[in-house]
Amino acid sequence: MVKLEKLYKIKDLDIIKNKKGNLFKGLSSSDLNYQGFGEIYFTSVNLNSIKAWKFHKKMTLNLIVLYGMVRFVFAKKLPGNQNEYLFNSIYLTHKNKQILTIPPKVWFGFKGVRYKNSLITNVANIKHKDIEVVKKSLKYIKFDWSK
């Protein structure tokens, strides 16, 4: 059986405690996962809704779940097989205070879990351009999102 290497990096956010409310450091230019700055944007995903599949040619994404819970799924073609994929996934929530880094050239998607609506921020290394991202329908990569 072929084992899929992790297609992403995960890092705990630095927490600066404050009695009036904590500060969570998301990304710094001195961090290893920092690849430059292009833009920051926010996206929401409703409970049980799936946003997949995406493949960025050049963009590195740095994702933080600000509210809710999201399952991120990553796919890689099996060597020598055009229709078979290997998968790995990770759940992020506003409670675990982590940043997920997805490098370019990785197929991924995500699903809203447990909360009516989840909110994600992306600190991207480049500005979004439609020609930079490849989008495919859920049917393109067969994955059982119910498990």
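A residue counts as exposed when its relative accessible area is over 50%, as buried when that area is under 20%, and as partly exposed in between. Keep that in mind as we walk through this structure, which is a predicted model.

Let's begin with the charged surface. Lys57, Lys58, Lys127 and Lys129 together make up a positive patch. One of them, Lys129, sits in the loop that links β11 (117–124) to β12 (133–135). Its relative accessibility is 51%, so Lys129 counts as exposed.

The surface has a nonpolar patch as well. Phe37, Ile40, Phe42, Leu66, Tyr67 and Leu119 build it, and together they have about 600 Å² of accessible area. Two elements, β4 (39–46) and β6 (61–67), each give two or more residues to this patch. Phe37 belongs to the loop between β3 (23–25) and β4. With a relative accessibility of 53%, Phe37 is over the 50% mark and therefore exposed.

Now for the strands. Strand β5 (residues 50–56) runs antiparallel to strand β10 (residues 107–113), and five bridges hold the pair together. Within this pairing, Ile50 faces Lys111 of β10. Strand β5 also runs antiparallel to β12, this time with three bridges. Here Phe55 has Val134 of β12 as its bridge partner.

There is something else to look at in β5. The peptide bond between Ala52 and Trp53 is cis, with omega at about -5 degrees. Trp53 itself has its place in strand β5.

Two lysines in loops have a backbone detail worth a look. Lys97 is not a glycine, yet its phi is positive, at about 50 degrees. You'll find Lys97 in the loop between β8 (85–93) and β9 (98–102). Lys105 is another residue other than glycine with a positive phi, near 70 degrees in this case. Its loop runs between β9 and β10.

How exposed is Lys97, at 23% relative accessibility? That value lies between the 20% and 50% cut-offs, so Lys97 counts as partly exposed. Lys105 is exposed, because its relative accessible area is 60%.

What about pairs of opposite charge? Side chains of opposite charge can pair when their charged atoms come close. How many salt bridges does the structure hold? There is one. Its partners are Asp144 and Lys147, and their closest N and O atoms are 4.0 Å apart. Asp144 is partly exposed, since its relative accessible area is 39%. Lys147 has a relative accessible area of 70%, which means that this residue is exposed.

Ala124 gives us a look at the other end of the scale. This residue is part of strand β11. Is Ala124 buried or exposed? Its relative accessibility is 0%, so Ala124 counts as buried.

| Residue | Relative accessibility | Class |
|---|---|---|
| Lys129 | 51% | exposed |
| Phe37 | 53% | exposed |
| Lys97 | 23% | partly exposed |
| Lys105 | 60% | exposed |
| Asp144 | 39% | partly exposed |
| Lys147 | 70% | exposed |
| Ala124 | 0% | buried |

Definitions and conventions: Residues numbered from 1 in each chain as written. Predicted model: local features only at pLDDT ≥ 70, side-chain atom pairs only at ≥ 80, totals over all residues. Heavy atoms only, no water. Patch = residues over 30% accessible without salt bridge, like charges linked within 9 Å, V, L, I, M, F, W, Y side chains within 5 Å. Areas by Shrake-Rupley, 256 points an atom, 1.4 Å probe, with all protein chains shown as cover. Salt bridge = Lys/Arg side-chain N within 4 Å of Asp/Glu carboxyl O. Lys, Arg positive; Asp, Glu negative; His and termini not counted. Charge placed at Lys NZ, Arg CZ, Asp CG, Glu CD. Helix = DSSP H or I, 4+ residues; strand = E, 2+ residues; numbered from the N terminus. Buried < 20%, exposed > 50% of the residue type's maximum accessible area, 1.4 Å probe, protein only. Pairing = 2+ DSSP bridges.
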